[in-house]
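This report looks at how side chains pack inside one protein chain. Keep the structure open while reading.

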Amino acid sequence: MVEKVYISYNNVHKLCQEAAETIKDFNPNLMVAIGGGGFIPARILRTFLKQPGSKNIPIQAIGLSLYEQLGDDTVVEAVGHEVVRTQWLDFSSEHTMDLIGKRILIVDEVDDTRTTLHYAVSELEKDVRAQAERLGRSAEETKFFVFVLHNKDKPKRAELPEDMMREGRYLAARTLPDLWIAYPWEAPDIEEHTANAVSQGNN
């Protein structure tokens, strides 16, 4: 049986508070939360990243799922194969979210195979290039920073941009062995879940 690591809401809160001290140097002005695991950390981070007298950092949501194509043309949800968009930013209207020239913080809960993070960064970079070319703003620099609560210490199936890694624009609050990480928002019984997290020292 795979060992399960229980993470409490308190622990998530503390990890976000700790990470915010590093992320402040990046000074993001937009967050993109990868659903569903990135939603809660993004909201907590916004509290700790807010500067006195400044507006809250806007949070946009994208949804991605990993699917596996079976031999009989059946598609099932799986861990670590083809990434499929289930929700994305709307670039089709006059009120389109402007990504050009922004410092964008991408938030997810876990870096497992890195497939989802790779897809999110590469597709958002493509969107920015397309927007910039269409609007004649290609000279404006857009930067991305990736934050995850946990990085699993395992071989990755995809990579993040070399300049992102070189410049320290990737941050995992903690790196863990390749174990099953149980987050509180997935718990059917939060009291039992929290007790398990406390017993493991993850509160």
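## Aromatic rings

Y9, Y183 and W185 are linked into a cluster by ring pairs. The model is a predicted one, and it holds three aromatic pairs.

In one of these, F26 and F145 form a tilted pair, with 5.2 Å from centre to centre and 45° between the planes. F26 belongs to the loop between α1 and β2 and F145 to strand β7, so this pair ties together parts that are 119 residues apart in sequence. Both F26 and F145 are buried.

Y183 and W185 form a stacked pair, with 5.1 Å from centre to centre and 5° between the planes. Are these two residues buried or partly exposed? Y183 has a relative accessible area of 2%, so Y183 is buried, the cut-off being under 20%. W185 has a relative accessible area of 23%, so W185 counts as partly exposed.

## Nonpolar cores

Which residues touch the most other members of the largest nonpolar core? They are I23, L45, L105 and F147, out of 27 residues in this core. At least two residues of the core come from each of α1 (9-23), β2 (30-35), α2 (39-49), β6 (103-111), β7 (143-152) and β8 (170-176). The most come from α1, which gives six residues.

Setting aside neighbours within four places in sequence, L45 is in contact with C16, A20, I23, M31, L105, V107 and F147.

There is also a second, separate core, made of 24 residues. Among them are I62, I106, M164 and Y170.

How much space lies in the second largest pocket? The volume is about 240 Å³. The lining has 14 residues, and the closest to the pocket centre are E125, V128, R129, T142 and F144.

Helix α3 (115-135), strand β7 and helix α4 (162-166) each supply at least two residues of this lining. The element that gives the most is α3, with five residues.

Terms used. Residues are numbered from 1 along each chain as its sequence is written. This is a predicted model: local features need pLDDT of at least 70, side-chain atom pairs count only at pLDDT 80 or more; totals for chains, interfaces and linings use all residues. Side-chain values use heavy atoms; hydrogens and water are left out. A nonpolar core is a set of buried Ala, Val, Leu, Ile, Met, Phe, Trp, Tyr and Cys residues joined through side-chain atoms within 4.5 Å. Buried means under 20% relative accessible area, exposed over 50%, partly exposed in between (1.4 Å probe, protein chains only). Helices (H or I, at least four residues) and strands (E, at least two) are DSSP runs, numbered from the N terminus. Contact means heavy atoms within 4.5 Å. Rings of Phe, Tyr and Trp (its six-membered ring) pair if their centres lie within 6.5 Å; planes under 30 degrees apart count as stacked, over 60 as edge-to-face and the rest as tilted. On a 1 Å grid over the protein atoms alone, a cavity is a set of points where a 1.4 Å probe fits but cannot get out, and a pocket is an open set with protein on both sides within 12 Å along at least five of seven lines; lining residues have an atom within 4 Å of a point. Grid points are joined across faces, edges and corners, and a volume is the space filled by probe spheres set on the points.
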